[in-house]
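Here are my notes on the model you sent over. Have it open next to you while you read.

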Amino acid sequence: SARACGIIRNLAMFARQQSASAGPVRLGDVIRSVAELRQRRIESEGIELHIDDRSVRPVAAVITELQQVVLNFVVNAEQAIVTSGRRPGRITVRTFDRDDRVVLEVEDTGPGVPPDHEARLFQPFFTTKPVGQGTGLGLSVSYGIIDSVGGHIGYRSAPTGGAVFYFDLPAAS
């Protein structure tokens with residue numbers, strides 16, 4: 001019942017239609033709420049979710065918008081691993097402080113992104129998913145959210161051959 005209560009609380013927060021104002025947000029709180037929503041599904045697919053939260057500084061943002069970005073990164077990582085059949089899979093979500101920025105990365109053990117797709121990843125309606133499984137809006141919406149709060153968003157190949165999607169935001173004073 002506690003898990004159900006937490007999921008309902010998080011879903012209600014995600015579903016809010018009112019515009020919220022930016023406030024101090026710890027990325028660890030964002031990660032925990034997304035993990036609570038996805039943990040059971042991820043585990044049922046034979047994927048381990050590892051959280052490495054080393055950031056101590058907050059950022060100025062709307063928590064539900066950051067949850068949307070992190071949820072998109074995690075769902076994409078999960079789908080990449082499932083589609084590739086690379087099991088057991090692993091998704092690592094990490095945060096750390098770098099100078100006056102706070103960084104969040106989502107790394108997976110999927111197949112990564114083909115080099116010819118990298119330049120288009122954040123463009124609206126671009127998707128690498130089969131027809132009916134993706135709209136091509138997740139990463140472009142994420143780009144808009146991160147850009148609107150003075151952040152940078154990107155992709156790089158993981159050392160394991162998978163993908164690392166990341167963003168950094170200015171640390172709040």
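1. Let's start with Phe73. This is a predicted model, and in it Phe73 has a relative accessibility of 2%, so it counts as buried, the cut-off being under 20%. You'll find Phe73 in helix H3. Leaving out residues up to four places away in sequence, Phe73 touches Leu104, Val106, Leu139, Ile153, Phe165, Tyr166 and Phe167. Take Phe165 from that list: Phe73 and Phe165 are 92 residues apart in sequence, yet their C-alpha atoms are 6.7 Å apart in space.

2. What about the core as a whole? The largest nonpolar core has 36 residues, and the ones touching the most other members are Leu66, Phe73, Ile91, Leu104, Phe165 and Phe167. H3 supplies the largest share of this core, with seven residues. As a general point, nonpolar side chains in soluble globular proteins tend to be buried together.

3. Setting aside neighbours within four places in sequence, its contacts are Leu27, Ile31, Val70, Phe73, Val93, Arg94, Thr95, Phe165, Tyr166 and Phe167.

4. I also checked the length of H3. The helix covers residues 63-84, and at 1.5 Å a residue its 22 residues should span 32 Å; the end C-alpha atoms are 32 Å apart, so the two agree. Just after H3 comes Gly85, with a positive phi of about 75 degrees.

5. Now the sheet. Five strands form an open sheet in the order S2-S4-S5-S7-S6, and the pairing is mixed. Which strands stand at the edges? They are S2 (47-53) and S6 (152-157); each has a single partner strand, so one side of each has no neighbour in the sheet. From one strand to the next, the twist averages 15 degrees. Helix H2 (residues 27-44) packs on this sheet, where it touches S2, S4 (89-98), S5 (101-108) and S7, and its direction makes about 170 degrees with that of S2.

6. S7 takes in residues 163-170, runs antiparallel to S6 and is joined to it by six bridges. Ser157 has Ala163 of S7 as its bridge partner.

7. Last, helix H4 (residues 138-148). Which of its residues are buried? Leu139, Ser140, Ser142, Ile145 and Ile146 are, and the buried residues of H4 pack against H3, S6 and S7. Leu139 is also among the contacts of Phe73. Just after H4, Gly150 takes a positive phi of about 80 degrees.

Notes:
Residues numbered from 1 in each chain as written. Predicted model: local features only at pLDDT ≥ 70, side-chain atom pairs only at ≥ 80, totals over all residues. Heavy atoms only, no water. Helix = DSSP H or I, 4+ residues; strand = E, 2+ residues; numbered from the N terminus. Expected span 1.5 Å × (residues − 1). Pairing = 2+ DSSP bridges. Axes fitted to C-alpha atoms, helices over the stretch in contact; angles between N-to-C directions. Contact = heavy atoms within 4.5 Å. Core = buried A, V, L, I, M, F, W, Y, C linked by side-chain atoms within 4.5 Å. Buried < 20%, exposed > 50% of the residue type's maximum accessible area, 1.4 Å probe, protein only.
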